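Please keep the structure in view while reading.

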Amino acid sequence: GDSIGIIKLEETSFVHIFLNAFLYCFVSLIIPYIIAGMYFAIIDKNNTIRLMNYSNVVSDEPILPKDEQKITLFDNNGALKLSLRLSSLYYVESDDNYIIVWYTDSKGDLQKYMLRCRLKTVEESFRGSSLVRCHRKYIVNMDKVKVVRKEKDGYEIDLDSDSIPPISITKTYLDNVLEHL
């Protein structure tokens, strides 16, 4: 009978048509959004993992003695930002999504370098080295520790540079620090 073109119009209520249209619209928008979100989460995770210690990389350079180990830091985008000798690194400080690396330059002056990276990533990447987490905000180079002192409100670390103020050790990380001494 009475059909217009190819589509046969059935008698259905406005609410039924509206709900179907809403469902199709929702599904067609949400699925690409979820896929894109998962893709960018994987890319971000892969870039974060690129932070690494070069001690396990095959190279034609001679093997450095322990105090000449290189520490190589990448930012969240996987770009190489800082490479320095472990012997010149004092501590790493957290500042939200950034870290501040405190080290001495070739003249022996204390320098700082800020980089977009998480402190937890640094901690995981250099596990087993002389870099040890002592506080929610700090990782210290245990080779640079001069004194660990007990104060009335906990323990503090003095590093072998007078320009660096004492760094406190929280109870959570106390055993971690003591086992490296």
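The secondary structure of this chain, which is a predicted model, comes to 3 helices and 11 strands. Read from the N terminus on, the elements follow the order α-β-β-β-β-β-β-α-β-β-β-β-β-α.

**The chain as a whole**
- The chain has 181 residues, and 33% of them count as buried.
- Its accessible surface comes to about 12900 Å², and carbon and sulfur atoms account for 56% of that area.
- When contacts between residues at least 6 apart in sequence are considered, 38% of them join residues that are at least 24 apart.

**A nonpolar patch on the surface**
- Phe 14, Val 15, Phe 18, Leu 19, Phe 22, Leu 23, Tyr 24, Phe 26, Val 27, Ile 31 and Ile 35 form a nonpolar patch on the surface, and together they have about 1200 Å² of accessible area.
- One of these residues, Phe 14, lies in helix 1, which covers residues 14-48.
- Phe 14 counts as exposed because its relative accessible area is 67%, where the cut-off for exposed is over 50%.

**A buried lysine**
- Lys 144 is found in the loop between strand 8 (138-141) and strand 9 (145-151).
- Although Lys 144 is buried, it has no salt bridge, and the nearest side chain of opposite charge, that of Asp 160, is 4.7 Å away.
- Apart from its neighbours within four places in sequence, Lys 144 is in contact with Ser 87, Leu 89, Tyr 90, Asp 158, Leu 159 and Asp 160.

Conventions:
Residues are numbered from 1 along each chain as its sequence is written. This is a predicted model: local features need pLDDT of at least 70, side-chain atom pairs count only at pLDDT 80 or more; totals for chains, interfaces and linings use all residues. Side-chain values use heavy atoms; hydrogens and water are left out. Patches are made of residues with over 30% relative accessible area and no salt bridge: like charges are joined within 9 Å, nonpolar side chains (Val, Leu, Ile, Met, Phe, Trp, Tyr) within 5 Å. Accessible areas come from the Shrake-Rupley method with a 1.4 Å probe; for residues, only the protein chains shown count as cover. A salt bridge is a side-chain nitrogen of Lys or Arg within 4 Å of a carboxyl oxygen of Asp or Glu. Helices (H or I, at least four residues) and strands (E, at least two) are DSSP runs, numbered from the N terminus. Buried means under 20% relative accessible area, exposed over 50%, partly exposed in between (1.4 Å probe, protein chains only). Contact means heavy atoms within 4.5 Å. Lys and Arg count as positive and Asp and Glu as negative; His and the chain ends are not counted.
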